[in-house]
Amino acid sequence: MTEPGLTATLHGSETLGDRIMKVNHAGEQGAIAVYATQRWIARWRAPEMVAELTDFLAHEHRHRALFAAELAARGRARCRSYHLCALAGVTAGTVTGLMGRGAIAATTVAIERVVLHHLTLQLATLDGQDAAACATIRAIIAEEQEHHDCSAARLGAPKLLERIIDRAIASATRAVIWLGMRL
């Protein structure tokens, strides 16, 4: 059974696996934009988080490269939402970076929770249909979970503002995924 979030508009000979690789690649571009922007601002607002954000950013660069390699192997171009994800990432990174440590952590928790759920759905949908896509997805899950868990531990019990950020960022992340699956 496919959850509505995995419904896609496919073009020409494009498969669901192709579309998922495109959307994941674009999503990694968005994550790079979030972490790069937050890291830059954290030097001033939350200097104790710079090393952690640097690690997260390195992971996301590797993830984007894995998806780019899979797209190249399939002969597919990147997703039409690629630049939108980058713009959304810079926007989210700027706003939450300026808000400081709690907002930065809440952003990561929200994004990674949505992403991990989506990756799990992708694996369930593609299992037995697209081994290469499944292998690429599996190659990033542990690091995405690490980002979530490190940030959740940093948060503790979220305050009101952090809960608002969580809802807004989670909704925006779901919307960008939804759009990418349909462009």
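Residue S151 is found in helix α5, which spans residues 131–155; helices here are DSSP runs of H or I with at least four residues, strands are runs of E with at least two, and both are numbered from the N terminus. The model is a predicted one, in which local features need pLDDT of at least 70 and side-chain atom pairs count only at pLDDT 80 or more, whereas totals for chains, interfaces and linings use all residues. Residues are numbered from 1 along each chain as its sequence is written, and side-chain values use heavy atoms, with hydrogens and water left out.

With a relative accessibility of 1%, S151 counts as buried (buried means under 20% relative accessible area, exposed over 50%, and partly exposed in between, with a 1.4 Å probe and protein chains only). Beyond its neighbours within four places in sequence, S151 is in contact with E52, F56, A105, T108 and V109, contact meaning heavy atoms within 4.5 Å. R39 lies 112 residues from S151 along the chain, and the C-alpha atoms of the two are separated by 14 Å. Helix α5 also holds D149, and this residue is partly exposed, at a relative accessible area of 40%. Between the C-alpha atoms of D149 and I41, 108 residues apart along the chain, the separation is 22 Å.

Turning to the overall fold, the protein has 6 helices and 0 strands, in the order α-α-α-α-α-α from the N terminus on. Its radius of gyration of 16 Å is close to the 16 Å that the globule rule gives for 183 residues, so the protein is as compact as a globular protein of that length; the radius is taken over C-alpha atoms, and the rule is 2.2 Å times the number of residues to the power 0.38. Along the principal axes, the C-alpha atoms fill a box of roughly 50 × 30 × 25 Å. Of the 183 residues, 51% count as buried. Among contacts between residues at least 6 apart in sequence, 84% join residues at least 24 apart.

The interior can be followed through its nonpolar core, defined as a set of buried Ala, Val, Leu, Ile, Met, Phe, Trp, Tyr and Cys residues joined through side-chain atoms within 4.5 Å. The largest such core has 44 residues, of which I20, M21, L53, L126 and I137 touch the most other members. At least two residues of this core come from each of α1, α2 (50–74), α3 (82–99), α4 (101–126), α5 and α6 (160–180), and α4 gives the largest share, 12 residues. Leaving aside neighbours within four places in sequence, I137 is in contact with I20, M21, N24, F67, L119, Q122, L123 and L126.

D18 lies in helix α1 (residues 16–45) and is buried, at 4% relative accessibility. Not counting residues up to four places away in sequence, D18 touches S13, L71, R74 and R76. R74 itself is placed in helix α2, and, with the same exclusion, touches T15, G17, D18, M21, D130, A132 and A133. R74 and E14 are 60 residues apart in sequence, with 9.6 Å between their C-alpha atoms.
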